[in-house]
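Please read the following account with the sequence and the model side by side.

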Amino acid sequence: MSDVVHEHREVKRARYAVAAVFAVHGAVTGSFATRVPWIQDHASVSAGQLGLALAFPALGASVAMPLAGRISHRFGARTALRGLLSLWTLALVLPSLSPNLLTLCLALFVYGATAGMADVAMNALGVEVENRLGKSIMSGLHGMWSAGALVGSAGGTLAAHLGSDARLHHALAAAVLTLLGLVACHWVLDLQPTEDEEPPPRFALPPKSAVLIGAVGFCAVFAEGASLDWSAVYLEDELGSSAGLAAACTTGFTLTMALARLAGDRVVDRFGSVRTVRWSGVLATLGGLLIVVADHPAVAMAGFALMGLGIAVVVPLCFAAAGRSGPNPSQAIAGVATITYTSGLIAPSAIGSLAQATSLVVSFGLVTVLSCGLTAFAGVLRSGDRDRPKVGPPSAAVPDPRP
């Protein structure tokens with residue numbers, strides 16, 4: 001019994017450690033996003049050239065994410081995460097050092113590649129901790145990522161307000177976040193492959209199960225990307241609101257998502273992932289309908305809030321389902337991550353192109369239709385008993401340690 005209790009304590013400690021890793025990962029993103037205007041000026045690129053450059057993080061992530069599983073197999077999960085997370089935090093300094101478009105594109109490709117590999121590694125460990133605890137934690141982990149992004153954004157906003165050079169700001173942020181990441185990684189699970197376990201391929205198409213799960217994630221991330229990038233524009237152009245109110249709408253959407261993710265695990269444990277995603281789709285669809293029919297900014301803001309509430313837990317649950325969908329969790333998670341990153345890449349431009357051809361109202365009509373897909377296809381997240389609430393003492397939920 002003492003061994004079981006010790007194992008349970010180790011897993012609980014690993015849960016807090018991987019939550020800290022998620023927060024560090026998010027803080028890098030927030031630190032970068034707030035200094036994009038400075039980076040644009042420093043590299044002397046136009047708005048169109050900046051848009052091209054900002055496609056490279058997703059391209060780098062899509063190319064590199066399949067490698068994460070092989071790296072974890074080669075070095076072990078803890079060492080792999082320690083190295084990949086450090087590469088990601090240190091890559092924060094590269095974009096601000098870029099003097100022109102070419103170097104900016106290369107820097108953002110590396111930035112995205114390291115982000116994607118660290119993303120896969122930390123989600124795989126999060127799924128393993130979730131399985132050992134026997135209860136949902138993935139929504140909370142992604143909530144910690146959102147909280148980290150908000151902290152990073154706050155720091156970046158302060159640095160920008162003070163007129164700080166982004167090279168100095170990002171060098172200091174990278175140093176602090178690298179140190180925090182190394183400390184957190186010390187306590188994550190140290191998973192090692194078994195002797196007869198074959199290494200995953202360097203590059204492989206995602207398994208069929210991951211494609212189906214990724215399709216659900218695609219719908220959620222498309223709605224997220226559309227809302228983040230276009231909610232303020234929607235309120236200003238379609239409803240004539242002030243710039244301040246429009247910005248508040250985007251902030252409210254982000255906060256709604258963060259709070260819903262932090263509270264989402266209790267809902268998942270109570271109702272299961274399939275029912276949660278189905279009702280999440282209903283909320284997101286209602287939000288989309290409010291946005292489309294809104295004749296006042298307050299109605300549209302309520303719609304965006306409902307949209308954020310509805311899509312918040314979907315991607316974490318997709319990662320969790322992918323990690324339980326086959327014998328190679330890292331490969332399945334990498335497949336889902338690639339699909340969701342692709343959705344995040346194409347969503348803003350797709351919304352803009354459709355709005356130019358028709359209107360933003362029609363664009364968010366498309367978002368509403370995709371939100372319906374969450375309810376329609378939530379069943380692909382089903383995973384047997386893991387989709388039902390767990391009961392019993394904590395020790396009963398802890399399996400034997402890996403060989």
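This is a predicted model: local features need pLDDT of at least 70, side-chain atom pairs count only at pLDDT 80 or more; totals for chains, interfaces and linings use all residues.

Helix H2 covers residues 36–43, and its buried residues are Val36, Ile39 and Ala43. Seen down the axis of H2, these buried residues fall within an arc of 60°, so they line one face of the helix.

Is serine 44 buried or exposed? Its relative accessible area is 61%, and the cut-off for exposed is over 50%, so serine 44 counts as exposed.

The chain as a whole comes next. It contains 17 helices and 0 strands. Of its 403 residues, 49% count as buried.

The largest nonpolar core is made up of 107 residues. Within this core, Ile311 and Phe364 are the residues with the most contacts. Which helix gives the core its largest share? That is helix H8, residues 101–133, which supplies 16 residues. For phenylalanine 364, the contacts can be listed once its neighbours within four places in sequence are left aside: Ala226, Ser227, Trp230, Tyr234, Ile291, Val292 and Phe304.

Two helices can be looked at as a pair. Helix H11 (residues 208–239) packs with helix H16 (residues 329–357) at an angle of about 35°. The axes of H11 and H16 are 7 Å apart, and the crossing of the two is right-handed. What kinds of residue make up the contact of H11 with H16? They divide into 17 nonpolar, 7 polar and 1 charged.

The loop between helix H10 (166–185) and H11 holds valine 188. Valine 188 has a relative accessibility of 2%; buried means under 20%, so valine 188 counts as buried although the residue sits in a loop. Which residues does valine 188 contact, apart from its neighbours within four places in sequence? They are Ala14, Ala17, Val18, Val21, Arg78, Leu81 and Leu125. Arginine 13 lies 175 residues away from valine 188 along the chain, yet the C-alpha atoms of the two are separated by 7.6 Å.

Glycine 272 is another loop residue, placed between helix H12 (243–271) and helix H13 (273–293). Its relative accessible area is 2%, and glycine 272 is buried.

At 6% relative accessibility, serine 280 is buried. Leaving out residues up to four places away in sequence, serine 280 touches Gly310, Val313 and Val314. The C-alpha atom of serine 280 is separated by 9.6 Å from that of alanine 378, and the two residues are 98 residues apart along the chain.

The last stop is glycine 373, which is part of helix H17 (residues 360–376). Glycine 373 counts as buried, with a relative accessibility of 10%. Its C-alpha atom is 9.8 Å from that of phenylalanine 218, a residue 155 residues apart from glycine 373 along the chain.

Conventions. Residues are numbered from 1 along each chain as its sequence is written. Side-chain values use heavy atoms; hydrogens and water are left out. Buried means under 20% relative accessible area, exposed over 50%, partly exposed in between (1.4 Å probe, protein chains only). Helices (H or I, at least four residues) and strands (E, at least two) are DSSP runs, numbered from the N terminus. The arc is that of the directions from the helix axis to the C-beta atoms. A nonpolar core is a set of buried Ala, Val, Leu, Ile, Met, Phe, Trp, Tyr and Cys residues joined through side-chain atoms within 4.5 Å. Contact means heavy atoms within 4.5 Å. Axes are lines fitted to C-alpha atoms, for helices over the stretch in contact, and angles run from 0 to 180 degrees between N-to-C directions. A crossing is left-handed if the near helix is turned anticlockwise from the far one by less than a right angle, and right-handed if clockwise. Ala, Val, Leu, Ile, Met, Phe, Trp, Tyr, Cys and Pro count as nonpolar, Asp, Glu, Lys and Arg as charged, and the others, Gly among them, as polar.
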